[in-house]
Structures are given as C-alpha cells and as structure tokens.
Amino acid sequence: MAAAHKHEDYLVDVLTKTGNKTGVSKPRRDVLRDGDYHRAVHVWIFAESTQELLLQLRGDCNQSWPGLWNISNAGHISAGDSSLVTARRKLQKELGVILPKDAFEMIFVSLREAICIKNGEKFIINEFEDVYLVTTLDPIPLEAFTLQESEVSAVKYIHYLEYKRLLANEDSEYAPYDVNGQYGQLFDIITQRYKVDNVARSLTLQKQLQRYASVSLNVELAGLTDADKEALALVIKAAAIIDEIFYLQVWYSNPYLRDWLEQSAAASELDKLKWAYYRINKTPWSSLDENEAYLTTADSMIILVPEATRKARGWKGLEYKAAFPWQKPPGANFYPPDMDKMEFKLWKDSLTKDQQNFATGFFSVIKRRSEYNLDLSICNSGLDSTNHMEGSTYDLYSVPFSQEYSSFLSKAAELLHKAGDITCSPSLKRLLHSKANAFLSNDYYESDIAWMELDSKVDVTIGPYETYEDALFGYKATFEAFIAIRDEKGTAQVKLFGDNLQLLEQNLPMDDAYKSKDVSAAPIRVVQLVYNAGDVKGPQTVAFNLPNDERIVQDRGTSMVMLKNLSEAKFKHILQPIADACITNELRGFVDFDSYFTHTVCHECCHGIGPHTITRPDGRQSTVRLELQELHSALEEAKADTVGLWALKFLFLQGLLPEISLKSVYATILAGCFRSIRFGLTEAHGKGQALLFNWLYEKEAFIFNPDETFSVDFDKVGDAVESLSREILTIQARGDKASAKLLFQKYCVISEPLKVASRNLERIQVPVDIAPEFPIAKEILGKKNWPLC
C-alpha cells in the first residue's frame, strides 16, 4: 500500500513565470511533463550550537533522489494548499517534528529550471522553491525523530560548511545543489548570521541610534481637574495595551522578540544597543534604512516545545528561535505570509459584495482555514485532515479585529469605560464610551464621529487608523494612540484653515467634474502630546487627519490634530540645522517655525479635500484607496504636501493669510524635503517628499548650486506646485493606478542633489528625527527608564 501511495498523482497549482497563481491546477505528472511553473517547499533544520544542518537519506524507492542525502524535508505543494502549511505538514509527516509557524523563517525563493530523464521519460522542471530555515538551539536527538519509512531511510547532522564542500565537489552520496548559484544563499545567510563582528555591529547600531535626538516632552497638567487627571491616567494605560496590539500586527513573532530583547538588554553593550534601537523601530527592520533588518532570527527568543518530537532520554525537548524574515513582509501580520495577490483576488471575487467590503476593509485580518485546521489537529495531538471550517472551497477567510485581538481590546475597553465614567467632559465621556464599545463590536463609525466632535481639555485619539503597514494592498489599519492636552491658543489660531475647505475644494487645480460640492468644515485641534503608542515607530508624526473611513469623509469630512510640542522639537533639533547646512545664506533667514507649522496644518487640511469616493470610467463607484491599493498612502501624502503649498498661496492671494510670507513657506518646505526624504523611500511621507522635490527640481523651481547649497526660484515655484497638484489630483480622481506607478517610478528616487544633501547632513551628524520620551506616562505606567545609548 505504501508503494501505491507513493506513486499516486495529485493536483498542483500552475504558476506564471513570475511565481503567481494562474487559477489553473493540473496533475503533478502533467505539470512536470509540460514544463509548467509550480511551487515546492524546502525546509532546513539548523542546530545553532553545533552549526549543523539536518539531512535525510531518501528511501530507495523514492522518485526524488533515491538513496541520496538531501534536504531536511521537501515536497511539492498540492493545489489549493499554501507554502507554510505544506512545510509544517511535511515536516510532521516525514520526520515527526511538530512546530508552530513562528519556527519557520522564509529565507529565499529559488527557481530551478532543468530537464531530466527518468526511466526514459522526459521531465521539464520549472520549480519555485520556497526555502525555510528552522533554527533550533541544539541538535535534535536522532531517536526523537519519527521517520516515514516509505520516504526517509535515516537522518544525520553535518556541519554546514562541510556539507557545502561536499556539494561543491559534487559528492555522489548527496543530492546535487549548485552552491555557487541561487542555493548558495543558504550557506551565505548562515555564515553572515554567525560569523559576525560584534564590535563592528555595536558601532553600526550606535550610528543608527545617533540619527535620533532624544527629547523629553513635559506637558503642563495644572489646568486639569482631579477627575480629568484620573481619567488621563486610565486612558494612558489603555494606550499601553494598544501598543501590544501593534507589535502583533507587524509580525506574529514580534512580541516574542521584544520581550527577549528587553530581558537580555543588561547582558552586554551590544544587547543594550539592540534593545535601544528596537524601542525606536518596534520591529527588527530599520525604518530609516528602507526597512533593512538590523536583527536576525539568531537574536530572537528561545522557545521550548517539549511535545514537538518523541521524547529522548536526558533531553528536555526541542528549543527553537522564534523566526522572522530578513525582508519586511509587505502584508505585515494582516494576511498569511505566503499569500499572493492572485490568491486574494480569486477568493475575493467569490464573495458577496458585503463580504468583499469586509475582506478589503480596515478592521479585519485574513487567515487560512488550512492553518486553523493544522493548529487544531496539533492541539488534539494528531495529524487530522478534516476541514473544521466548512463552507468554502477557498482557503482564505476574514476575522474581525474585535475577535482577533479580543484579549487586548476587552482590557482596553474596560479602562476606557472607567475613564468615561470619571471625566466631567461630556464630549470626552461620549468618545471614551463609544470607542470602548467599538473595540468589542468592530463598528467604529459612531466612535469616529464622537472623536470628530471632541471638545475637551484632555484630547484622545485611540484605535485602528493608518494603513501604512499594509504595503500589499493598503487596506488594513494599525492601532495607535495619541494622548494629549488641548492647546487652546494654538487651536484658535488655526481655525481659519478648517473653515475654508469648501473654498479650497472649488478652486483646486483639477477638472470641475471631479470636485465635491459639499465639503464640511474641518475642526482643527492643536495639542501638547503627553504619550503616544501603537503605530508610532521610527519617524514621528507631527499631525494627523482622521478618520480614514470614506463614509465619514464623504458625509462629515475630517478633523485634524496638530502635535505642537513635537513639531517644535523637530524644528529645533532637525529642520533648523538642515537649513543652516543646505540652504543658501540669502534664504536661510526665511526658514522659520511658523511657516513649518502653518504648512503642516495646511497639509492635514488637504487630506480632507480632493478625490476620495470616485466614479470609475465604467460607472462603478469606488474609492481612491481601493483603486490605488499599495500606492495610495504615498500618493495621498504627496497630494497633501503639494496641494498644501498650493492652498497657502491661494489663501494668501485671497487676502485670508496676510501675515504669512510665501518666501518663508517655500524656503522652509525646501529644507523640509531634506528632512522627510531621510526617512527613506519605503515610508509614505518620504516617497511623497521625493516626488515633490524632484518635480520642482525638474521644473527649475528648486535650484542646486555649485557650492552644494539649494535655493528657490520664486518666479517658477508657484506654477510648478500647481502643475504637480493637477497631476496628482487627476490620477486620484480617475483611480489611475498605472499612471500613479509611472509617476513614482520617475520621481520617487534619490536624485543626485538629494544624495549630496543627505551626504552632507550625515557628515555633520544632523539627526534624522526625534525619539520622544514621556515622563508623565512613564510615571503612570511604572516603566523602566531605558535611556537611548
């Protein structure tokens, strides 16, 4: 029976030449005969303490490499199955090793294109191989394995460099792999990971940390009542819980990594530096370095799983490192890591309209039925192929945030309800209770309306809002919190902008057919930040315009919050030194805080005007976000920057801003471009500023001088800003993703002038951004004071 099962054929998904699913599946033998592209998994088990890889000896009757030493575990992916679930199942089936998904690190994808003859039959192999690494602390005792005899004859460990040598020499006892080709990455990754110079690594982390200026934000609370002070403390505690959710949203093993780094911070100078830089980034990927990893799985937490294998005498059980990929996953932890866009589209197209809206909405995560079933079978101590989630032929399904993060949200809701009961402010009471209810119901509409109408000394923004982490589609919102104290004087000074949104909308430089006839006035609140949490990693936001729910934007508009003390800190520590280094002597005096803050206000206002809900050429109603997908966030930031500049000139010419100096605005924005572009081109604001700078430079509105300073042609800059505003607004109004992509390809680059400016700023060590510390919140939360190194 075993032999009959071995030669049993099964369906395999046919892929495109780029590795995406076509929606077609064929018998495996036909796929190999016809040369169709398909996918397989390779799983390597690596023992950290001995630097050894586990190999398996293929059974003599096996079709693939019979009688040869080969990968720890490998196999084709059956039609409809996923890469990661297949890797886990096959490891359990062939070796008896049962591990959760966070043990598997996708390290690269290898494409094998070959022709082979077996028993006189020609096979054309076009195979994408998803290569996973499982890092264990020590070798697994050989007696702990349960081998599938029809597939595996034996297993052994071998030092990875010795194995590489045998492969390079084409040893006849080992299945061949080209260690000088794509597969050489396996050995390179291990070498780079464990042959590291700790002194050099510490120096690199120190340089990375020096790009942030540590700033303590003390805020005066004397104007608060005792009740509001008590409510403030409860809201800060709720915000700290929101922080926990964000760590999980980024990547499923991220919370393990955070806990491990904090526990290990006192072990050495290097460990202290790792923790300090992680506290800024909240992930193993550096926000200022195009999300390049500064940590590896080798730095992660050790997890003991005694039940992962059979017991062995004197062995406490398998210990593995909680894994994360070298490259930041574009879908974060909102989607299965091995899901591609075609799989999502095929599933989405099978859903009803309401189900589609939920799947592409802000407040859901996408999961796999097969993963749920596998996890359930492991909990039940056996491999169970029964589908415990009947009702769909597709593997994907949606889960609301209220269910996915219920353990956190229920605690946060309880704290918000308590704060709502205590406060004397009616609008704050309404916000806190409605937001607590939203956490449990997954319906944020009423709480977002309450947030827009907030009129309280204590200013609270808490919940899922921005979609920057979802680089796959731009659909899913991350949790964040901004707890602040209202600045009444500053709020009164910026009221003009929110009151004139309809005037700006009707005069936008785009076709009148795209303009909205009903834009609501946007309340603007200027605040002093007390604490932020959640999606506030890396470069700090100085303002935000919410909500992002298109229904509310269309019906009620948006509201803006300006973080004035954060803005002041950025101007003092970053923008002024940039101006001193990069702007000509003649223009340096025009760079001032008022212009910087005024443009920031106008930037946020301009998120509330322009296209949001649109009509496609085929008459279909949609939104800019859904049509532009992963390009939406960056283009929206570019719009707000550019149209914000246009709006300031328009309001000045209308006599509504007589006190501003347009020369100061343009000079300050020029300096601001160098600030934001240093965030990197993987970050939406950095992309937006690169687009703005390079467009204005091409139009000769920004000038690069022979002495490597910059100036502004005031006669050209207004027209150049208007032309870019028209370009961006028209792309958004048409939902034209192809044109958005071309615009970014041409202008979202680090051009030579930007390279020179960045190099000069790095040489004189101007910080890239600030790392705020919150003494009031630290006292409330009782957090340890970890200084930045």
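S633 is found in helix 25, which covers residues 632-653. The model is predicted. Its chain holds 31 helices and 26 strands, and buried residues account for 60% of the 789 residues.

**S633**
- S633 has a relative accessible area of 11%, under the 20% limit, and therefore counts as buried.
- Setting aside residues up to four places away in sequence, S633 touches T467, Y468 and A684.

**R89**
- R89 sits in helix 3, residues 83-95.
- Its relative accessibility is 26%, which lies between the 20% and 50% limits, so R89 is classed as partly exposed.
- Beyond its neighbours within four places in sequence, R89 is in contact with D81, S370 and L374.
- From R89 to W275 the C-alpha to C-alpha distance is 35 Å, and the two residues are 186 apart in sequence.

- In soluble globular proteins, nonpolar side chains tend to be buried together.
- The largest nonpolar core of this chain contains 169 residues, and F439, F497 and F674 have the most contacts inside it.
- Helix 7, residues 226-250, gives the most to this core, contributing 12 residues.
- F439 touches I242, S402, L409, A412, A413, L416, Y444, I462, G463 and F479, with residues up to four places away in sequence not counted.
- Another core lies apart from the largest one; it has 57 residues, including I45, F246, L273 and A308.

**Overall dimensions and contacts**
- The radius of gyration is 28 Å, which agrees with the value near 28 Å for a compact globule of 789 residues.
- The C-alpha trace spans about 85 × 55 × 55 Å along its principal axes.
- Of the contacts between residues at least 6 apart in sequence, 73% join residues at least 24 apart.

**Surface and charge**
- The accessible surface of the chain is about 31800 Å², and carbon and sulfur atoms supply 50% of that area.
- There are 87 positive and 108 negative side chains in the chain.
- The centres of the positive and negative sets lie 1 Å apart.

Terms used
Residues are numbered from 1 along each chain as its sequence is written. This is a predicted model: local features need pLDDT of at least 70, side-chain atom pairs count only at pLDDT 80 or more; totals for chains, interfaces and linings use all residues. Side-chain values use heavy atoms; hydrogens and water are left out. Helices (H or I, at least four residues) and strands (E, at least two) are DSSP runs, numbered from the N terminus. The radius of gyration is taken over C-alpha atoms; the globule rule is 2.2 Å times the number of residues to the power 0.38. Buried means under 20% relative accessible area, exposed over 50%, partly exposed in between (1.4 Å probe, protein chains only). Contact means heavy atoms within 4.5 Å. Accessible areas come from the Shrake-Rupley method with a 1.4 Å probe; for residues, only the protein chains shown count as cover. Lys and Arg count as positive and Asp and Glu as negative; His and the chain ends are not counted. The place of a charge is taken as NZ of Lys, CZ of Arg, CG of Asp or CD of Glu. A nonpolar core is a set of buried Ala, Val, Leu, Ile, Met, Phe, Trp, Tyr and Cys residues joined through side-chain atoms within 4.5 Å.
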